[in-house]
Amino acid sequence: MLMKIGADIDLFSYGYLRVAAAVPRVSPADTEGNALAICEIIDQAAKQQVSVLTLPELAVTGYTCADLFHQKLLIERAVDALDIVARHTIGVPGMLVAVGLPLLRDGLLYNCAAILCTGKILGVIPKTYVPNYGEFYEKRWFASGACTSGDIRIGHRHVPFGTDILFEYKGVKIGVEICEDLWAPIPVSSRLALGGAEIILNLSASNELIGKHDYLLSIIRRQSAALNAAYVYSSSGYGESSTDLVFAGNGIIAENGALLGETERFVHESRMIIGDIDLDRLRHDRVHNTSWHDAALTTPGYRILEAEETSATISDELHHPIDTAPFVPHDESGRFMRCGEIIAIQSAALARRLEATGCRNLIVGISGGLDSTLALLVAHSVFRQMHVPLSGLTGITMPGFGTTGRTYNNATELVRRLGATLHEINIGKAVRQHFEDIDHDESIHDVTYENSQARERTQILMDYANKSGGMVLGTGDLSELALGWCTYNGDHMSMYGINASVPKTLVKHLVEYFARTTDDVALRDVLLDIIDTPISPELIPAAEGDKIRQKTEDLVGPYRLHDFVLYNMLRHGYNPSKIYMLACAAFKGEFDPDVIRHWLKVFYRRFFNQQFKRSCMPDGPKVGSICLSPRGDWRMPSDASARLWLEECDKL
């Protein structure tokens, strides 16, 4: 995926390294012709400012030379061809090129990957696992490179050789494996990664079979995820002999389980796929995953060969996806499945809490908004699953000074359609008494005016729960907790926070899931209208025509932006500057950079100074990769300074 990011920037300074997997057109045994085709690809990669280029297994000779590999002339000319390619890299300073060829060492022939940079052969990696089954007969020609170390003589040069080598480029460690090395029970790349490799290059020659491509993709994605690494795979393509096999040409780039891109298969000409590897993501996950380091303790050491660094990759294009809604799957079927799974998690959590407490009464404050609707729907689902009478599920609507007819009617109709118990308590009289008690002027619509209503509602819910022997089910969501957009000891408090790790951008899709799966047309209409209602706490009197005056996103900022920041800050550990760069690219045409900068600063300021609310938040189930529970994923001092983050925002 190619994303325009506006002005030219140094991608490496934002944590990206540009890699490519290329598949040249080859001709078996035509070493010089193959070398020239490889040189053309190197030139194309240089124009795209690629830093690391991976080519297929035995690309210099072609994979399908068979018994010609025992011809001295072919092996000698392969070395000459390697020299052509190596000298060509002088013209592309700093690019690391991995190319496959056969090489002799101590009377044994090895299937090798030569790593080139600025005219030099930095090192040679032999293939560890040499297949000799099915359509593969490699042991007829090649020896295993397992446990080899030392040097290899190539012409007049002695070059580091062995399976104990990593390459370091601009501080990034790179490991190399060859084809079958990935398919073994313990892939070579597993050891390379535990030895420190962040990017794995695989030079391959895998023939095409029905269903094999999908299986290959799954293996590569799984391996990159297991290793918290990037995986760059290049496999032989058109031009290889079709005597018995067909090679479709696979260029694949994966990063930590995600597919960044792949080349088109069965193309008659050379092709290449480019990806910008997000090193920050990989490094964050490795730091976060303590088991990673425990596993690495038993890994033997590797020789580190340093490559000459290139100049910065300055580009206005990013070959890496940027997700504007990272919590929400984009395809409809995936989103539907995700919503069903989240609701199942919430339901299982609530059922267990009811079972553990012996509680058969739940109290939910119903506002006619999305969050309380979701909480009530989950509770209703659990009551039906557990065969608990719905009379024990009580929805209390508490009209206040800002409640509009639309939200009031939706709240009451929702409870009725679900068959729950509806209770209405107008809070106006009690709040006015409270204003009188604390000597507050009702005409002053300040934080006291607003929070008094929120706390009165929570008091009603808590006391009603005591009266009925029930529990108050909280309705607040993850995004509100991140921003502290909840009244301390008001809607901030409950006996179980069912939505605590559900982000605001996902809530409406969960409610929509219920709307799509119900047979009750009237209920569906209510749910769809709730989805369409502006998000508001409704604590300020309505505007003329009973219109909602107080819109949350006008006050605290767009939840699309805040959820984008929240995800990238906590899931990947990005700095404000990187989040800003990504947001400007992702939301181009929707939000002006100045607007993004403003709300980014609001997010960090609120995230830090509202931690005290999260430090004492109620229990609630984790449903996704981000959670702010102080007992689970997020521990942070309530008095931590936001200065570093805000200062970086000021420099944007």
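Author: What follows is a set of questions and answers about this structure.

Author: Before we start, this is a predicted model, where local features need pLDDT of at least 70, side-chain atom pairs count only at pLDDT 80 or more, and totals for chains, interfaces and linings use all residues. Residues are numbered from 1 along each chain as its sequence is written, and side-chain values use heavy atoms, with hydrogens and water left out.

Reader: How many helices and strands does the chain have?

Author: There are 21 helices and 22 strands. Helices here are DSSP runs of H or I with at least four residues, strands are runs of E with at least two, and both are numbered from the N terminus. The C-alpha atoms fill a box of roughly 100 × 55 × 45 Å, taken along the principal axes.

Reader: What makes a residue count as buried?

Author: Buried means under 20% relative accessible area, exposed means over 50%, and partly exposed is in between, using a 1.4 Å probe and protein chains only. By that rule, 56% of the 652 residues of the chain count as buried. Take Ser-629, in the loop between α20 (611–614) and α21 (643–650). Its relative accessibility is 9%, so Ser-629 counts as buried.

Reader: Which residues does Ser-629 touch?

Author: Leaving out residues up to four places away in sequence, Ser-629 touches Met-617 and Trp-634. Contact means heavy atoms within 4.5 Å. On the scale of the chain, residues 24 or more positions apart account for 74% of the contacts with a separation of 6 or more.

Reader: Why is Gly-33 called partly exposed?

Author: Gly-33 has a relative accessible area of 26%, so it is partly exposed. Gly-33 lies in helix α1 (residues 31–47). From Gly-33 to Asp-437 is 92 Å in space, C-alpha to C-alpha, and 404 residues in sequence.

Reader: Why is the pair Lys-127 and Glu-57 called a salt bridge?

Author: A salt bridge is a side-chain nitrogen of Lys or Arg within 4 Å of a carboxyl oxygen of Asp or Glu. Lys-127 and Glu-57 have an N to O distance of 2.8 Å, and their side chains meet in a salt bridge. Lys-127 sits in the loop between β6 (120–126) and β7 (151–154) and Glu-57 in the loop between β3 (52–54) and α2 (72–88), so the pair ties together parts that are 70 residues apart in sequence. Lys-127 has a relative accessible area of 0%, so it is buried. Glu-57 is at 1%, so it counts as buried.

Reader: What makes α6 oblique to α17?

Author: Helix α6 (residues 279–288) and helix α17 (residues 559–572) pack at an angle of about 55 degrees, with their axes 9 Å apart. That angle makes α6 oblique to α17. Angles under 35 degrees count as roughly parallel, over 145 as roughly antiparallel, 65 to 115 as roughly perpendicular, and the rest as oblique. Axes are lines fitted to C-alpha atoms, for helices over the stretch in contact, and angles run from 0 to 180 degrees between N-to-C directions.

Reader: Which residues of α6 and α17 meet?

Author: Asp-280, Arg-281, His-284 and Asp-285 in α6 meet Leu-570, Arg-571 and His-572 in α17. Asp-280 and Arg-281 are also linked with Glu-255, Asp-278 and Lys-578 in a network of salt bridges.

Reader: How do you know that Cys-147 is too far from Cys-112 for a bond?

Author: A disulfide is a pair of cysteine sulfur atoms within 2.5 Å. The sulfur of Cys-147 is 15 Å from the closest cysteine sulfur, in Cys-112, so it is too far for a bond. Cys-147 is exposed, with a relative accessible area of 77%. A search of the whole structure finds 0 disulfides.
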